[in-house]
Amino acid sequence: MDLAIETVDLTKKYGSLTAVNKLNLKVKRNTIHGFLGPNGAGKTTTIKILVGLLKPNEGTVKILGKEVQGDQADTRLSIGYMPELPKFPKHLKGSELLDIYGQMYGMTKQERREQIPKLVELVGLKGRENDPIGKYSKGMQQRIGIAQALLNNPEIVILDEPSLGLDPVGMVEVRELVKAIAKEDRTVFISSHLLFEIEQVCTHVTIINLGKALISDTLQNVLSKLSGPATLHVEVTALSDAIVTAVQNLPFVADVTQTGNFLNINLTTHDDVRPQVSQAITKAGGIIVSMSIQRQNLESAFMTLINKQQGGET
Ligand SMILES: Nc1ncnc2c1ncn2[C@@H]1O[C@H](COP(=O)(O)OP(=O)(O)OP(=O)(O)O)[C@@H](O)[C@H]1O
Ligand SMILES: [Mg+2]
């Protein structure tokens, strides 16, 4: 199986609170997989289990097809990890921090000399690598955190909310960086509570809430499931019963309402069926003046999904 990460019935409890609840996660290799959920959904807890910082109460974790139990060095070495809001010693220079981490990864002096300047350049800190981290902006601290996660060229990179606390410009920069990282042959698993953030960088998404996965699919499929079938608004020069009946009889049409010369067509499909609708109207003698698609706003669909589950659990 070509999976970078797989969990089966992963469960983590903090006392009576179940933070991760029988979570089944499948992350394909060489994808950018978004782990999306509101505050407290269980993202950080799951990630800490994946990197061996927490032990689950139940369930299993496989990394690159191999089952891991807790803290296994060989597994950790295939994962680069940036924790949520990383805090590094302020007195260290960026390059010193990377050198220390490189030593911990067992990199030779030669390897560190070669790799660190490349990473500094990749994360956009060239020229600032000899400044103390205490002088770095939040965005720069996130970027040195990402460089740290890439040090030993890991096959899997896990970033826990890499754009937390950044301004819009900083967020764009981090998104670009995430895309750049993924160009090399690796899997990036990135958590966020922001749909638009995930939408712009990820190929696949898992939405988590209350420790459970609600949807997991390609970005395209998740977006179309979230937004639901669209409504088509078609304006014709003159509406007739024949046109309305022709549209109503199409197999993917849920219902049709009329407003003046407009037909409002609710669809049952996610597919783009404008050509078929256009053909049916023309055949029934209609002349189309305009046609537009209206989809539900994604953020509100995401909120509806989360609220629906929360309502169901209480
Ligand atoms: N060390 C802990 N002890 C007790 N409860 C905890 C602990 N860490 C997390 N929790 C609880 O577990 C749940 C999941 O928390 P977690 O940090 O995994 O969520 P998250 O999805 O990362 O949220 P955020 O978006 O705020 O980072 C929350 O209800 C949280 O309060
Ligand atoms: Mg978190």
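This is a predicted model: local features need pLDDT of at least 70, side-chain atom pairs count only at pLDDT 80 or more; totals for chains, interfaces and linings use all residues.
What covers the buried residues of H10 includes strand E11 (231–236), helix H9 (241–248), strand E13 (262–267) and strand E14 (288–294).

The residues concerned are Val277, Ala280 and Ile281, which are buried in H10, a helix spanning residues 274–283. They cover an arc of only 95° around the axis, which puts them on the same side of H10. An α-helix has 3.6 residues a turn, so residues three or four places apart point the same way. On the face turned away from the buried side of H10 sit Pro275, Gln279 and Lys283, which are exposed. After the helix comes Gly285, whose phi is positive, near 95°.

Arg274 takes part in a salt bridge with Asp272, in which the closest N and O atoms are 2.9 Å apart; Arg274 is partly exposed, at a relative accessible area of 34%, and Asp272 is partly exposed as well, at 42%.

Glu58 pairs with Lys22, with 3.9 Å between the closest N and O atoms; because Glu58 lies in strand E4 (residues 58–63) and Lys22 in strand E2 (residues 17–28), the pair ties together parts that are 36 residues apart in sequence. Arg29 forms a salt bridge with Glu155, the closest N and O atoms lying 2.6 Å apart. Arg29 is in the loop between E2 and strand E3 (32–36), and Glu155 is in the loop between helix H5 (138–150) and strand E7 (156–160), so this pair ties together parts that are 126 residues apart in sequence.

Technical notes: Residues are numbered from 1 along each chain as its sequence is written. Chains are lettered from A and ligands numbered from 1 in the order in which they are written. Side-chain values use heavy atoms; hydrogens and water are left out. Buried means under 20% relative accessible area, exposed over 50%, partly exposed in between (1.4 Å probe, protein chains only). Helices (H or I, at least four residues) and strands (E, at least two) are DSSP runs, numbered from the N terminus. The arc is that of the directions from the helix axis to the C-beta atoms. Contact means heavy atoms within 4.5 Å. A salt bridge is a side-chain nitrogen of Lys or Arg within 4 Å of a carboxyl oxygen of Asp or Glu.
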